Amino acid sequence: ELKMKIFGLLAVVLLVLGTSMVFGETLIIRPNDQGYYKDWTSPTCTKSFHWQCVDDAPANTSDYIYTGQTDRKDTFLFQDIGLTSEPINKVTLYFYAKYLTSSKYKIQPLIRINQIPYYGSVKTLGGVWTYNNEIFTTNPATGQPWTVANVNALEAGTRTYTSGGGGLVA
């Protein structure tokens with residue numbers, strides 16, 4: 001599963017956005033289209049596109065994407081958040097993942113803005129399915145607070161950091 005949250009007013013699945021309205025809320029958005037990168041495979045997913053293998057709520061661990069190679073990326077587009085000009089405090093990227101055969105397997109959250117990838121911190125995967133996340137308090141392309149337009153144009157996913165076992169994202 002891949003989701004985002006928006007904090008403050010709303011949150012995003014794979015991305016979670018935070019907004020700073022009088023009533024702080026979280027908005028969760030899920031992938032709804034394939035992004036630029038499609039380097040992972042989907043050995044158990046019978047759906048046509050990778051994003052359809054990671055958009056389930058709750059996560060479906062029999063329906064995932066996989067890779068065992070270094071520097072492989074898979075990204076997704078997300079539904080528009082339905083806001084106009086509300087401030088967004090942060091974007092949190094969540095992914096539900098585990099390693100296949102090696103406790104040394106690592107992946108990084110990835111946000112792609114204006115055709116440039118920005119990476120979060122390296123996450124070491126465990127042998128059981130676990131939610132991992134990366135919080136982006138500002139837009140990494142500008143260093144400025146997130147805007148609704150930034151979030152609506154956002155592409156996000158994961159990148160493999162090491163090889164030698166295999167990483168799975170549901």
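Leaving aside its neighbours within four places in sequence, with which residues is D74 in contact? They are Q34, Y37, K38, D39, W40, H50, I65, A156, G157 and T158, where contact means heavy atoms within 4.5 Å. The structure is a predicted model, in which local features need pLDDT of at least 70 and side-chain atom pairs count only at pLDDT 80 or more, while totals for chains, interfaces and linings use all residues. Residues are numbered from 1 along each chain as its sequence is written, and side-chain values use heavy atoms, with hydrogens and water left out.

The overall architecture provides the setting for this residue. The protein has 1 helix and 13 strands; helices (H or I, at least four residues) and strands (E, at least two) are DSSP runs, numbered from the N terminus. Along the sequence, these elements follow the pattern β-β-β-β-β-β-β-β-β-β-β-α-β-β. Among contacts with a separation of 6 or more, 66% are accounted for by residues 24 or more positions apart. Of the 170 residues, 51% count as buried; buried means under 20% relative accessible area, exposed over 50%, and partly exposed in between (1.4 Å probe, protein chains only). The protein exposes about 7500 Å², of which carbon and sulfur atoms supply 48%; accessible areas come from the Shrake-Rupley method with a 1.4 Å probe, and for residues only the protein chains shown count as cover.

The interior may be considered next. A nonpolar core is a set of buried Ala, Val, Leu, Ile, Met, Phe, Trp, Tyr and Cys residues joined through side-chain atoms within 4.5 Å. The largest such core has 30 residues, and those with the most contacts inside it are I65, I81, I107, I111, W146 and V169. At least two residues of this core come from each of strand 3 (25-29), strand 6, strand 7 (88-99), strand 8 (106-113) and helix 1 (148-152). Strand 7 supplies the largest share, 5 residues. Another core, of 5 residues, lies apart from it and includes Y64, W129, L168 and A170.

D74 itself is placed in strand 6 (residues 73-78). D74 is buried yet has no salt bridge, and the nearest side chain of opposite charge, K38, is 7.4 Å away. Here Lys and Arg count as positive and Asp and Glu as negative, while His and the chain ends are not counted. A salt bridge is a side-chain nitrogen of Lys or Arg within 4 Å of a carboxyl oxygen of Asp or Glu. The side chain of D74 does form polar contacts, one of 3.1 Å with the side chain of Q34 and one of 2.8 Å with that of H50. A polar contact is a pair of N or O atoms within 3.5 Å; within protein, one must be able to donate a hydrogen and the other to accept it, and residues adjacent in sequence count only if both atoms are side-chain atoms.

Elsewhere, charged side chains do pair, and the count comes to 5 salt bridges. D71, K73 and R159 are linked in a network. Within it, D71 meets K73 at 3.3 Å, N to O, and the closest N and O atoms of R159 and D71 are also 3.3 Å apart. The latter pair links distant parts of the chain, with R159 in strand 12 (residues 155-160) and D71 in the loop between strand 5 (65-67) and strand 6, 88 residues apart. D71 is partly exposed, at 35% relative accessible area, whereas K73 is buried at 10% and R159 is buried at 17%. A further salt bridge joins E155 and R112 (3.0 Å, N to O), connecting strand 12 with strand 8 across 43 residues. Both E155 and R112 are buried.
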